[in-house]
Amino acid sequence: MANPKNSRLAKRARGPRLGEMLIARGVVTEAQLEEALQEQLATAERLGTILVNRGYLKEVDLVRILAEHFGLDFVDLEEHTPDPSVVRVVKESFARYHQLLPFGREKGQLHVAMVNPTNVFSLDDVRSVTGESIRVFMAEPNQLLRAIDRMWGATEADEAMLRIEQDAAEEEEADAKAAPAAAEDAPVIQFVNQLIMRAVTERASDIHLDPTEREMRVRFRIDGVLHEVMNVPRSARASVVSRLKIMAEINIAERRVPQDGRIALNINNRPISLRLVTLPTPYGEAVVIRVLEESGNVLSLTELGMTAAALKVFEASFRRPWGAIIVTGPTGSGKSTTMYATLAELNHPSRNIITVEDPIEYRMGGVKQMQVNRKAGLSFPSALRSILRADPDVVMVGEMRDAETAQIACEAALTGHLVITSLHTNDAASTPIRLLDMGIEPFMVTSALNCIVAQRLARRLCERCKAPYDPTADEAVRAVLPEWVLDDRGHTFFKPVGCVSCSRTGYRGRLAIHEVLEITPEIDHLIVSSAVPRDIQKLAIDQGMITMREDGLRKAASGETSLEEILRAVC
């Protein structure tokens, strides 16, 4: 009978072989490996899985090294674009079932990416289906699934649009009359479904369908920037718009006034909510669709990207039992994300938290959330008055859009409630002046405010393809680079390049740039004396505030984003 102790030693003896390979390639440290080995002894989990789960190692790097260790070829499907004509030699269902993807041909061999290249049954099946000689490559599972989504999603949308073009009438007037019936045709349904699927797969936050004289342009907003993805022919645009209006349950016959609706879908087992708005234009109806993932996780405070000093001021402000915290910035600057992260931190059974929003973007357990409904007479002011009679500890007002809402919110902050809300201003120092312009008394502004957070979103550089470079003299002048950048040779700036992983944009994801203005007694004095925003900002900087521009330059100097992106977003 085997000695259990010897068995454990044998397991540990096998583990370091992979660990030593990872250390030799510089992808993990000895300390990280030791922590993972300790967990492996306790859980018997695979070493590679532990390292990936702990965030010490990217799964693609693990798969690359395992492929090399076992003498297998490896393909990075985020860097290598599959050939669409080769992909279609198998069906989508076959590819998903066997977890494989044909992606190219060379020297008479079909190149096939597989999650498990040692699966002889899958290999036999793909040889039988294609009738070709196979060269197998190992691929990272998530990359392979994303590649399948991309390849079949784009191809099926193109095929559906071709069928729509073939079936559609030539005349715009005939198109309009036939639109309701055409909207129920299978090609239109398939095209719209694939369009939405593609938008979700490519991480689009908005879908824009803009009619022009000859066609309808389709664009996705990805990481805050619009990208054109396709054009819908004029003969098909009415049926596509009608299909979307049917899905949103709005009047398909009404084309003269704006309409809005909602669509609930489940894509790849993820609940997706679409907010749809139609706008009449001279060439037909334009459609804008906001894509919201209802199961999206709310970021934690530490994930917001604030500097340690700014986070300390912000946290001290919302830990107070009363007062107002205002998050400011333009539309699409991440204000809701910051407010929800704050609510998540405050969410505790001992607190009664109530929100009024338009719309509710995230569902939070333990929080009473109200949706504005103007048709039913439920506006921000009326909802806020009702909330204050419901014994709240924390109140979140989605946006202060008018003087009445601002007045009630400030009064609530003075009567023992913590109020979190948002406002549209350019920076933190302009916010108190904006409140004064809305008719709020100076003493009420200074007494109610705890702090103001101004923010913007900048695109994050793609980690796969970003390249180091030295800023030109012109860029240095435009950015007005501070002395700490010019004097410190340790800072490395990067520029976008573009690869498959980032859809050739050079950016993937976004990061927030903040400035947190604490309302100190000295700031109070300036507000009461009706000082201009410039004076408030200067005093705040003297008291330690880091401006959005400074925060952005710091993040560019650390390689998180590019200098040109900071110039676009902030400077």
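Mentor: Let's begin with a term: a residue is buried under 20% relative accessible area, exposed over 50% and partly exposed in between, with a 1.4 Å probe and protein chains only. By that rule, buried residues make up 48% of the 571 residues in the protein chain. Keep in mind that this is a predicted model, where local features need pLDDT of at least 70 and side-chain atom pairs count only at pLDDT 80 or more, while totals for chains, interfaces and linings use all residues. Residues are numbered from 1 along each chain as its sequence is written, and side-chain values use heavy atoms, leaving out hydrogens and water.

Trainee: How many helices and strands does the protein chain have?
Mentor: There are 23 helices and 19 strands. Both are DSSP runs numbered from the N terminus: H or I over at least four residues for helices, E over at least two for strands.

Trainee: Why is the pair of Phe-314 and Phe-318 called edge-to-face?
Mentor: Rings of Phe, Tyr and Trp (its six-membered ring) pair if their centres lie within 6.5 Å; planes under 30 degrees apart are stacked, over 60 edge-to-face and the rest tilted. The structure holds 3 aromatic pairs. For Phe-314 and Phe-318 the centres are 5.2 Å apart and the planes stand at 70°, so the pair is edge-to-face. Both residues lie in helix α12 (residues 308-318), 4 residues apart, about one turn of the helix, and both are buried.

Trainee: What makes Tyr-340 and Tyr-362 an edge-to-face pair?
Mentor: Their rings are 4.9 Å apart centre to centre, with 75° between the planes. This pair links distant parts of the chain, with Tyr-340 in helix α13 (residues 335-346) and Tyr-362 in the loop between β12 (353-357) and β13 (368-371), 22 residues apart.

Trainee: Why is Tyr-340 called buried?
Mentor: Its relative accessible area is 2%, so Tyr-340 counts as buried.

Trainee: And why is Glu-202 called buried?
Mentor: Glu-202 has a relative accessible area of 18%, so the label buried applies here too. Glu-202 lies in the loop between α10 (186-201) and β5 (204-211). Not counting residues up to four places away in sequence, Glu-202 touches Phe-220 and Ile-222, where contact means heavy atoms within 4.5 Å.

Trainee: What makes α10 roughly perpendicular to helix α11 (residues 234-247)?
Mentor: Axes are lines fitted to C-alpha atoms, for helices over the stretch in contact, and angles run from 0 to 180 degrees between N-to-C directions. Under 35 degrees is roughly parallel, over 145 roughly antiparallel, 65 to 115 roughly perpendicular and the rest oblique. The axes of α10 and α11 come within 10 Å and cross at roughly 75°, so α10 is roughly perpendicular to α11. The contact includes Val-188 and Phe-191 of α10, and Val-240 and Leu-244 of α11.

Trainee: Why is α20 called roughly antiparallel to α21?
Mentor: The axes of helix α20 (residues 521-528) and helix α21 (residues 533-542) come within 10 Å and cross at roughly 175°. That angle makes α20 roughly antiparallel to α21. Residues meeting there include Ile-523 and Leu-526 in α20, and Ile-536 and Leu-539 in α21.

Trainee: How do you know that Arg-459 lies over the face of Tyr-507?
Mentor: A charge sits over a ring if NZ of Lys or CZ of Arg is within 6 Å of the ring centre and within 35 degrees of the ring normal. Arg-459 is at 4.1 Å from the ring centre of Tyr-507. Lys-466 likewise lies over the face of Phe-494, at 4.6 Å from the ring centre.
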